[in-house]
Amino acid sequence: MTTPDSDGLLAEQLLRLTRRVHRIQKRHLEQRDLGITPAQSRLLRTLAHWGSPPRMADLAERLEVVPRAVTTLVDGLEASGKVRRVPDPANRRVIRIELTDDGRAALRELRAARRSAAEEILAPLTEEQRESLGGLLDTLIDGTPVRSC
């Protein structure tokens, strides 16, 4: 039995699209002159989804990186005023990371940059093609096959 992508064309297209998305997002970020790297952007977005300030170890686990990598990212973001280290109220030996007002403002700019990058990428598609792509992406993200009737 052959696989639907036996010659690897789909895999190659996905990899090329991923690289294009990263390049375009990076360009849109640089145009806004935020001074934030893609890795720092990812940390800020991850931090924004927490209800309360997480520990650096929690961030490392969520980002799937080693704790030292998070320390380096936090150092840079703290130096630019986007995050701050705060003691845990229950255990002062534990340090938590929270967004500052500047960090929240940077997140708004980052979201705008991502939206404009996505619009650039999707510009050649019709509304119908966008809807189809959205359904296909949902299936790939969820990992569950679509059942046809």
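At what angle do helix H3 and helix H4 pack, and how far apart are their axes? Before I answer, please keep in mind that this is a predicted model, in which local features need pLDDT of at least 70 and side-chain atom pairs count only at pLDDT 80 or more, while totals for chains, interfaces and linings use all residues. Residues are numbered from 1 along each chain as its sequence is written, and side-chain values use heavy atoms, with hydrogens and water left out.

Helix H3, residues 56-63, packs against helix H4, residues 67-79, at an angle of about 110 degrees, and their axes are 8 Å apart. That makes H3 roughly perpendicular to H4, a term that covers angles of 65 to 115 degrees. On the H3 side the contact (heavy atoms within 4.5 Å) is made by Met56, Leu59, Ala60 and Leu63, and on the H4 side by Pro67, Val70, Thr71 and Val74. Sorted by class, this contact has seven nonpolar residues, one polar residue and no charged residues.

Let me turn to aspartate 88, which sits in the loop between strand E1 (83-87) and strand E2 (95-99). Aspartate 88 counts as buried because its relative accessibility is 8%, the cut-off for buried being under 20% with a 1.4 Å probe and protein chains only. The side chain of aspartate 88 reaches the backbone nitrogen of asparagine 91 at 3.2 Å, and a polar contact (a pair of N or O atoms within 3.5 Å, one able to donate a hydrogen and the other to accept it) of 2.5 Å joins the side chains of aspartate 88 and arginine 96. If we leave aside neighbours within four places in sequence, aspartate 88 is in contact with Val94 and Arg96.

Methods:
Axes fitted to C-alpha atoms, helices over the stretch in contact; angles between N-to-C directions. Helix = DSSP H or I, 4+ residues; strand = E, 2+ residues; numbered from the N terminus. Parallel < 35°, antiparallel > 145°, perpendicular 65-115°, else oblique. Nonpolar A, V, L, I, M, F, W, Y, C, P; charged D, E, K, R; others polar. Buried < 20%, exposed > 50% of the residue type's maximum accessible area, 1.4 Å probe, protein only.
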